[in-house]
Amino acid sequence: ERKIDSDRVYIIGGSGGGHMTLLMAGRYPKVFAGAAAFCPISDLARWYGDSLQRKNHYADNISAVCGGTPLERLAECQRRSGLTYLCDARANGLPVYIVTGIHDGHTGSVPVGHSIRAFNALANGKDRVSEEDITYIEQNECVPERLRFEGKDPFYNDKRRIHLRLTSANARLTVFEGGHAGNPAAGLDFLARQRRGRKADMSLPERGDDSSFEHITK
């Protein structure tokens, strides 16, 4: 038997695990103190189209689990998509950190727009990224100059620099120099600062390393 602090239950995952993180965060926001999703799939219907365009096997996987294509089974695709439920995570004030590499969709299978649209669902209206800017980022693998991040974060260096950093309501988005990847140390540090029922803590440490895992497991 193990003691569990019900105010410190977290969820974290990448890629398909990121998809599940967003889905669980949206469907059960009162269970968790925080969520961290890396390069997540947020919309299965959109990802079906992305996968057809890239000629990979994921479109067939989506058809198999949903019982048909999005044209045939749109409601089922939506039922399995985190984007459908993130409004509930927002309404319940669940802190969510979303991280992806700017080259995902080119060197990886999940275009960066999936992460940005998930952030949009959690953010205040004035802080959301336009579809025009999302298209620009996905196509050019860079961020419009007016959106470029100029600050510092101890979990990212020049080699893995941040291109886009947005914080709004209880959500933080980071798009960094990389592909289909995340930053577990940054995600764990974010989660370790959160407590259920409290205002989201968006602060950063003076330095970033893997010791955040030790803090979250104490």
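Biologist: Is Asp 133 buried or exposed?

Modeller: Buried, at 8% relative accessibility. Buried means under 20% relative accessible area, exposed over 50%, and partly exposed in between, with a 1.4 Å probe and protein chains only. Keep in mind that this is a predicted model: local features need pLDDT of at least 70, side-chain atom pairs count only at pLDDT 80 or more, and totals for chains, interfaces and linings use all residues. Residues are numbered from 1 along each chain as its sequence is written, and side-chain values use heavy atoms, with hydrogens and water left out.

Biologist: OK, and which residue forms a salt bridge with Asp 133?

Modeller: Arg 146, with the closest N and O atoms 2.7 Å apart. A salt bridge here is a side-chain nitrogen of Lys or Arg within 4 Å of a carboxyl oxygen of Asp or Glu. Arg 146 lies in the loop between helix 7 and strand 4 (162-168) and Asp 133 in helix 7, so the pair ties together parts 13 residues apart in sequence. Helices (H or I, at least four residues) and strands (E, at least two) are DSSP runs, numbered from the N terminus.

Biologist: How many salt bridges does the structure hold?

Modeller: Nine. One of them joins Arg 117 and Glu 131, at 3.0 Å between the closest N and O atoms. That pair links helix 6 (residues 113-122) to helix 7 (residues 131-140), 14 residues apart. Arg 117 is buried at 9%, while Glu 131 is partly exposed at 42%.

Biologist: Which residues are linked in a network of salt bridges?

Modeller: Glu 76, Arg 79 and Arg 80.

Biologist: Switching topic: which residues of helix 2 are buried?

Modeller: In helix 2 (residues 44-54), those are Leu 44, Trp 47, Tyr 48, Asp 50 and Ser 51. Seen down the helix axis, they fall within an arc of 165 degrees, so they line one face of the helix. The arc is taken from the directions from the axis to the C-beta atoms.

Biologist: What covers them?

Modeller: The cover includes helix 1 (16-27), helix 3 (58-66), helix 4 (74-79) and helix 6, where contact means heavy atoms within 4.5 Å.

Biologist: And what happens at the start of helix 2?

Modeller: A side-chain oxygen of Asp 43 reaches to within 3.1 Å of the backbone nitrogen of Ala 45.

Biologist: What about just after helix 2?

Modeller: Lys 55 takes a positive phi there, about 55 degrees.

How values were computed
Polar contact = N/O pair within 3.5 Å; in protein donor to acceptor, adjacent residues only side chain to side chain.
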